[in-house]
Amino acid sequence: MLATTLESYLDNRITKLSKEVRQEMLKQIGNPDSYLRDRLIYQSFGKMIVSNQLNPEELQALLEAVVQEDYLFYRIGDSGTDSVFTRSFSALVIAAIIEHDIEKKVVNPDLVLHVANKVINYMMEEKDTRGFVDGKGWAHAIAHGADALDALAKHSLLKKEDISRILHAVQHSLFRQVDYLDEEEERLAIIIASLIKHQDNEADIRVWIEEMTGMVETQMDENKGSLEAYHFKRTVKNFLKSVHVILSSKGIGKKVNSDVFEVLEKWMYLR
């Protein structure tokens, strides 16, 4: 029933979704069926948000719901279970609402800051780093969390301490002992470009990059020949490559990009 209704909505055969359907979408946000979860529910939430079909009260109620324990933090700490889909797709809905609010300014400012705190905490606590799950589609919790952080990085209400904590959450994601397979580093790199463009904090990011790459080099020096240390460095290197390309493409953050290029030249033995 839900699938048929959402198919009709996305195909423009019906123009709006009832409150009851929206509530059922929320309940099913982490359904292991990728077609229902990703293609229908998430896409329908996105369509409702960007087409202004939710009034400010409804939009805020949805945002308040998806940052709760039953959604963004549902069984947080689990890894390898279907609970990740609820957390991950809650993060995507958060990203969509925050992106919408950047332009429309309809969400209460205190709620935006509350959401920033919740998303940062989520990225520190998420344990499931799977990308694509056979038979169930995208989990991609780290990438979807990065999308939410990126939306927040563009928001005018973000405070200086939130920026510092976002950088810490990005570093935490990069320092995990995991070999990312599905471009998670690239999604994390986009956050840096957004912070530079929208928060005017290039100096802070230069310091952060210097400190982070110094930690990587210390790890390599202290664990010579270690495969784990090599993979640790490779993850950060892939991230820096993405930062370099994104900043170059956008023509922003020239000082940051110069620092990043120096590190890459060294780590890729180009000098």
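At 72% relative accessibility, aspartate 200 counts as exposed (over 50% relative accessible area; under 20% is buried and in between is partly exposed, with a 1.4 Å probe and protein chains only). Aspartate 200 sits in the loop between H9 and helix H10 (202–222), and has a positive phi of about 50° although it is not a glycine. Helices here are DSSP runs of H or I with at least four residues, numbered from the N terminus.

Glutamate 183 is worth a look too: its phi is near 65°, a positive value in a residue other than glycine. Glutamate 183 lies in the loop between helix H8 (160–174) and helix H9 (184–199) and is exposed, with a relative accessible area of 51%.

## About the model

This is a predicted model, in which local features need pLDDT of at least 70 and side-chain atom pairs count only at pLDDT 80 or more, while totals for chains, interfaces and linings use all residues. Residues are numbered from 1 along each chain as its sequence is written, and side-chain values use heavy atoms, leaving out hydrogens and water.

H7 is mostly covered, with 13 of its 13 residues buried.

Alanine 3 belongs to helix H1 (residues 2–10) and is partly exposed, at a relative accessible area of 27%. Leaving aside residues up to four places away in sequence, alanine 3 touches Leu36 and Leu40 (contact means heavy atoms within 4.5 Å). The C-alpha atoms of alanine 3 and arginine 39, 36 residues apart along the chain, are separated by 9.9 Å.

## Salt bridges

The structure holds 15 salt bridges, each a side-chain nitrogen of Lys or Arg within 4 Å of a carboxyl oxygen of Asp or Glu. One of them pairs arginine 234 with aspartate 179 (3.1 Å, N to O). This pair links distant parts of the chain, 55 residues apart: arginine 234 is in helix H11 (residues 227–250) and aspartate 179 in the loop between H8 and H9. Arginine 234 is partly exposed at 28%, and aspartate 179 is partly exposed at 34%.

Aspartate 259 and arginine 206 form another, with the closest N and O atoms 2.6 Å apart. They too link distant parts of the chain, with aspartate 259 in helix H12 (residues 254–267) and arginine 206 in helix H10, 53 residues apart. Salt bridges that share partners also join Glu99, Asp150 and Lys154 into one network.

Definitions and conventions:
Helix = DSSP H or I, 4+ residues; strand = E, 2+ residues; numbered from the N terminus.
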